[in-house]
Amino acid sequence: MDNAILQKEPQPQNANWSAVFAMTLCVFVLIASEFMPVSLLTPLARDFQVTEGMAGQGITISGFFAVITSLFISVLTKGINRKTLLLGLTAIMGLSGALIALASNYYVYMVGRALIGVVVGGFWSMSAAIAMRLVPINQVPRALAIFNSGNALAMVIAAPLGAFLGAVVGWRGAFFCLVPIAVLAIIWLWVSLPSMPPNLLSNRNNQHIFTIFTLFKRRVIALGMLAVGFFFMGQFTLFTYVRPFLETVTKIDISMVTLILLIMGIAGFIGTLLVGNVLKRGLYRTLAAIPLLMTIAALSLIAFGHSLVAVMILLGIWGLISTAAPVGWWSWVPRIFPNNAEAGGGLMVAVIQLSIALGSTVGGLLFDISGYQSAFVFSALFLVIAAILVKFTAKTEGEVHVENITE
């Protein structure tokens with residue numbers, strides 16, 4: 001895949017599952033922290049005397065800082081032991097929760113949200129490279145699936161947990177509850193993580209802060225990242241507007257909406273646990289099949305949107321496979337970036353975050369202008385393009401592999 005593979009990420013002889021589960025706890029707290037404001041916007045806005053829209057910008061700013069951090073953290077921290085860096089990021093995560101809980105005004109709250117964005121970008125950028133140092137290469141997909149199970153579990157319970165804690169101890173108390181869990185994660189990481197000096201070859205490849213953008217010169221990377229981008233655009237063009245679809249088309253009340261979202265979350269959690277075995281049978285086949293199945297689900301929602309039973313089944317399938325897809329794409333990172341997984345992970349995070357924002361924007365415009373049908377059709381179109389790009393990516397990687405063998 002690379003023209004000259006000089007030094008790959010250090011590979012352990014035995015799997016360190018304790019460290020993998022410690023990282024998973026970090027993922028859980030991180031995602032819960034990132035999306036906690038969703039269910040707490042009303043009391044946040046009231047206390048800070050701003051609109052709910054302004055309060056919601058706390059999620060936007062965390063996404064912005066996640067993109068910036070993911071692009072440049074590999075270069076800016078190239079001399080730092082990765083264990084030290086992970087411990088520092090986890091400490092910043094706890095600090096963010098405390099800062100938000102103690103925020104005296106809206107601007108302090110936004111600083112706290114910016115900090116959580118830094119952690120999101122930094123943590124996910126390194127996740128594939130860290131997995132390669134904790135388990136043998138053939139078990140990396142399983143480790144990444146476990147990481148993503150923490151993500152899926154947090155997505156299931158973050159919003160209802162935030163609403164419950166907000167009602168019991170107030171929104172400040174809800175954010176404070178994240179701090180001791182972050183402390184527990186720091187202790188577990190300290191005990192379980194080995195020392196992980198930075199990869200010297202990766203440092204040589206990342207001498208300049210904008211080096212990461214030169215990765216697009218490789219056709220397999222450009223095609224793969226385009227496939228990732230169209231997949232997440234397609235997913236969030238539809239998913240962002242599931243609630244108004246359920247309320248206006250399926251015509252169900254908020255309790256049933258909550259139940260369906262919970263079903264999607266549980267299905268997604270199950271999907272992350274099962275997808276590792278499927279990926280072993282064919283990475284690219286799986287990455288192409290997932291968006292095609294989601295396309296069928298999206299178009300079926302248009303046809304059967306008025307049937308509660310059909311909608312529950314279709315959205316359950318959507319949750320099962322859409323949440324499993326990132327596990328496959330994160331398994332692709334060490335495959336394509338054996339010498340520079342951190343830079344590859346950073347590029348992946350940036351593409352995902354930007355695609356989510358673009359998909360949500362496109363879906364919102366279509367939903368408002370011409371109804372849910374057009375939003376769902378465009379979701380299906382983006383997903384089909386993603387599947388086609390996966391096929392081109394697989395073909396390109398095969399061609400490069402043959403060229404390297406024959407040289």
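Visitor: What makes the largest nonpolar core a core, and which residues have the most contacts inside it?

Guide: A nonpolar core is a set of buried Ala, Val, Leu, Ile, Met, Phe, Trp, Tyr and Cys residues joined through side-chain atoms within 4.5 Å. The largest one here has 109 residues, and Trp 124, Leu 246, Trp 332 and Met 348 have the most contacts inside it. Helix 5 (residues 106-134) supplies its largest share, 12 residues; helices are DSSP runs of H or I, at least four residues, numbered from the N terminus. A second, separate core has 20 residues, including Ile 100 and Leu 165.

Bear in mind that this is a predicted model: local features need pLDDT of at least 70, side-chain atom pairs count only at pLDDT 80 or more, and totals for chains, interfaces and linings use all residues. Numbering runs from 1 along each chain as its sequence is written, and side-chain values use heavy atoms, with hydrogens and water left out.

Visitor: Why is Ser 355 called buried?

Guide: Buried means under 20% relative accessible area (1.4 Å probe, protein chains only). Ser 355 has 7%, so it qualifies. Ser 355 sits in helix 15 (residues 341-370), and, leaving out residues up to four places away in sequence, touches Gly 229, Phe 232 and Met 233, where contact means heavy atoms within 4.5 Å.

Visitor: How do you know that the span of helix 13 agrees with what it should be?

Guide: The expected span is 1.5 Å times one less than the number of residues. Helix 13 (residues 308-322) has 15 residues, so it should span 21 Å, and its end C-alpha atoms are 21 Å apart: agreed. Among its buried residues are Leu 314 and Trp 318.

How values were computed: Buried means under 20% relative accessible area, exposed over 50%, partly exposed in between (1.4 Å probe, protein chains only). Helices (H or I, at least four residues) and strands (E, at least two) are DSSP runs, numbered from the N terminus.
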